[in-house]
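Student: I would like to take a close look at a single part of this model, but I would first like to know what surrounds that part. Could you take me through it slowly, in one connected answer?

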Amino acid sequence: MEYQVAIVGAGPAGTFAALELLKRGIKDILIIEKGPPLEERQCPMKEKLECQMCKPCRILSGWGGAGAFSDGKLTLSPRVGGFLGEIIREDTLQTLIREVDEGFLSFGAPEIVYGTNAEALEELDNRCVRVGLRFIPVPIRPMGTDRCRKVLRNLYQHIKARANVIFNQEVVSLSFQGETKELTTKEGKSYRSRYLLLAPGREGNLWLKEQLSPLGVDFHTNPVDVGIRVEVPAQVMEEVTSLTYELKVIYNAPSFDDQVRTFCMCPHGEVVMENRGGTFTVNGHSYMDSHSPNTNFALLVKTTFTHPFQSPVAYGEYLARLANLLTGTVIVQRLGDLKRGRRSTQERIDRGLVKPTLTQAVPGDLSFALPYRYLVDVTEMLEAMDMVMPGVNSRHALLYGIEVKFYSLRPMITWEMETPIPGLFVAGDGAGVSRGLVQAAASGILAAQAITRRQGL
Ligand SMILES: Cc1cc2nc3c(=O)[nH]c(=O)nc-3n(C[C@H](O)[C@H](O)[C@H](O)COP(=O)(O)OP(=O)(O)OC[C@H]3O[C@@H](n4cnc5c(N)ncnc54)[C@H](O)[C@@H]3O)c2cc1C
């Protein structure tokens with residue numbers, strides 16, 4: 001079977017690339033996805049209360065990619081969500097972000113955008129600056145996990161009517177004959193195309209490296225973000241989250257001068273567990289149509305290792321596994337217990353003000369898993385945040401660990417997302433150019449535009 005363009009991965013990078021190709025007149029498109037269609041993407045953990053180790057993981061794979069179960073927060077600023085700003089001009093990126101936003105809107109994303117009240121943002125900025133926090137104002141269109149799925153369903157119906165979408169087939173190898181690229185799947189099927197876009201997401205990053213390294217493609221080494229997820233009563237953050245939805249602040253924690261940042265704030269949301277090939281880490285979700293009494297967010301410390309250590313991903317995974325070793329799953333601890341140097345117990349958690357939304361987390365002691373340096377960094381950050389949002393640093397605040405964010409290895413590519421092999425493109429989180437829905441989709445559009453230019457369209 002021969003196509004003009006084959007796309008590996010049906011996440012935002014792959015699907016927005018397909019949309020752009022269709023818009024520009026390319027019709028002969030294949031999308032190949034190792035996960036199932038949207039309606040079969042049910043994570044059994046909610047019912048069975050523990051991870052069933054689905055292969056591939058229903059949370060990360062299938063129509064919509066990792067975005068399908070995501071919180072669906074569209075961050076509409078070139079300053080967050082990826083590294084495209086290092087590859088293309090800011091005004092070009094801004095135009096792409098607008099196009100992505102309009103795309104999501106046309107498939108049913110809600111109209112409301114937070115973080116646009118200039119006067120209130122300036123006042124918040126003043127309060128942050130006074131305590132040493134750098135505030136990054138970012139307009140956000142939250143879809144919520146539930147609405148996100150409706151948008152993805154509409155997107156699927158649009159694309160399915162115009163392109164070939166194949167599910168439950170994992171591409172395992174690539175080969176090249178002249179201008180033709182050939183994909184072979186685990187199931188033994190082969191597909192050929194003139195242009196190939198690889199958009200396998202963060203979990204496909206190592207596979208991408210295995211495919212591209214033998215072709216002579218070099219990769220940049222990346223840092224790792226390690227930290228915890230904080231859960232507090234929603235009232236504590238309400239003043240800020242009703243203005244910005246997600247507060248993005250950066251702090252240079254004084255003891256180690258490390259950079260700590262807030263990440264993925266989920267107002268009235270839930271803390272969730274993620275399974276990375278048997279290692280459990282934490283994350284957060286919010287729903288538009290159902291609200292918990294709590295707000296959660298991550299505090300992450302960025303670490304760039306220098307010679308001779310070159311395995312930041314292995315390091316982050318090791319820390320998460322250490323937390324898993326102690327409890328069999330992820331740890332939850334009250335901030336007050338951490339500060340008193342004692343573990344949390346179920347009884348102490350039950351006495352606290354915050355009822356955990358992640359019931360599978362086991363009360364324990366994060367200080368046995370998280371290095372001292374990170375513990376100091378996040379506690380200093382909470383102290384600074386408390387001066388802007390009193391109550392964040394309360395002894396009742398719950399800390400879940402460990403949250404680890406890996407930066408995918410980034411292949412050396414052109415600004416059009418093309419590898420040194422002509423006609424072979426990469427996009428999205430797997431290619432290390434994005435870390436969120438919007439920039440992933442924008443990078444897919446960039447690659448699609450380059451393909452149509454090659455075709456003279
Ligand atoms: C729990 C969670 C919450 C999140 N919340 C947000 C949020 O609120 N806002 C935000 O901007 N971002 C959020 N993100 C991040 C966002 O989902 C990702 O940045 C985005 O989905 C990346 O898009 P992508 O297309 O590059 O990759 P993915 O979305 O990861 O898609 C890649 C697809 O490729 C498929 N694939 C991989 N390898 C192969 C192969 N060999 N053969 C065939 N198919 C393959 C995978 O199955 C997957 O479906 C969240 C992520 C998670 C996990």
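Student: What percentage of the 457 residues in the protein do the buried residues make up? After that, please look closely at α1: which of its residues are buried, and what do they pack against?

Tutor: Please keep in mind throughout that this is a predicted model. Buried residues make up 49% of the 457 residues in the protein. A residue counts as buried here if 20 or more other C-beta atoms lie within 10 Å of its own, a cut-off that will return several times below.

We can begin with the whole chain. The protein contains 12 helices and 21 strands. Its radius of gyration is 22 Å, close to the 23 Å that the globule rule gives for 457 residues, so the protein is as compact as a globular protein of that length. The C-alpha trace spans about 65 × 50 × 45 Å along the principal axes. If we take the contacts between residues at least 6 apart in sequence, 77% of them join residues at least 24 apart.

The domain assignment divides the protein into domain 1 (2-114 + 140-220 + 410-454) and domain 2 (224-406). The centres of the two domains, taken over C-alpha atoms, are separated by 29 Å, and the contact between them takes 19 residues from domain 1 and 18 residues from domain 2. On the side of domain 1 that touches domain 2, β5 (140-142) and α5 (144-160) each supply at least two residues, and α5 gives the most, with four residues. By class, the residues of that side divide into 11 nonpolar, two polar and six charged.

Now to the part you asked about. Helix α1 has 12 residues and reaches 16 Å from its first C-alpha to its last, close to the 16 Å expected at 1.5 Å a residue. Of those 12 residues, 10 are buried, so α1 is largely enclosed by the rest of the structure. The buried residues begin with Pro 12, Ala 13, Gly 14, Thr 15 and Phe 16, and they go on with Ala 17, Ala 18, Leu 19, Glu 20 and Leu 21. They pack against the strands β1 (2-8), β2 (29-32) and β9 (190-198), and against the helices α3 (90-106), α5 and α12. Just after α1, Gly 25 takes a positive phi of about 95 degrees.

Helix α11 (residues 372-386) has 15 residues, which should span 21 Å at 1.5 Å a residue, and its end C-alpha atoms are 21 Å apart, which agrees. Its buried residues include Tyr 374, Leu 375, Asp 377 and Val 378, and the buried residues of α11 pack against β4 (133-135), β11 (224-233), β12 (249-253), β13 (258-266) and β16 (294-303).

Most residues other than glycine have a negative phi, and most peptide bonds are trans. Cys 264, which lies in strand β13, has a positive phi near 50 degrees, and it counts as buried because it has 22 C-beta neighbours inside 10 Å. Tyr 245, in the loop between α7 (234-244) and β12, also has a positive phi, about 65 degrees, although it is not a glycine. Tyr 245 has 22 C-beta neighbours inside 10 Å and therefore counts as buried. As for the peptide bonds, the one from Lys 55 to Pro 56 is cis, with omega near -5 degrees, and Pro 56 has its place in the loop between α2 (45-48) and β3. A cis peptide bond also joins Gly 401 and Ile 402, with omega about 10 degrees, and Ile 402 lies in strand β19 (residues 398-406).

Notes. Residues are numbered from 1 along each chain as its sequence is written. This is a predicted model: local features need pLDDT of at least 70, side-chain atom pairs count only at pLDDT 80 or more; totals for chains, interfaces and linings use all residues. The radius of gyration is taken over C-alpha atoms; the globule rule is 2.2 Å times the number of residues to the power 0.38. Two residues are in contact if their C-beta atoms, placed from the backbone, lie within 7 Å. Domain bounds come from an automatic or database domain assignment. Ala, Val, Leu, Ile, Met, Phe, Trp, Tyr, Cys and Pro count as nonpolar, Asp, Glu, Lys and Arg as charged, and the others, Gly among them, as polar. The expected span of a helix is 1.5 Å times one less than its number of residues.
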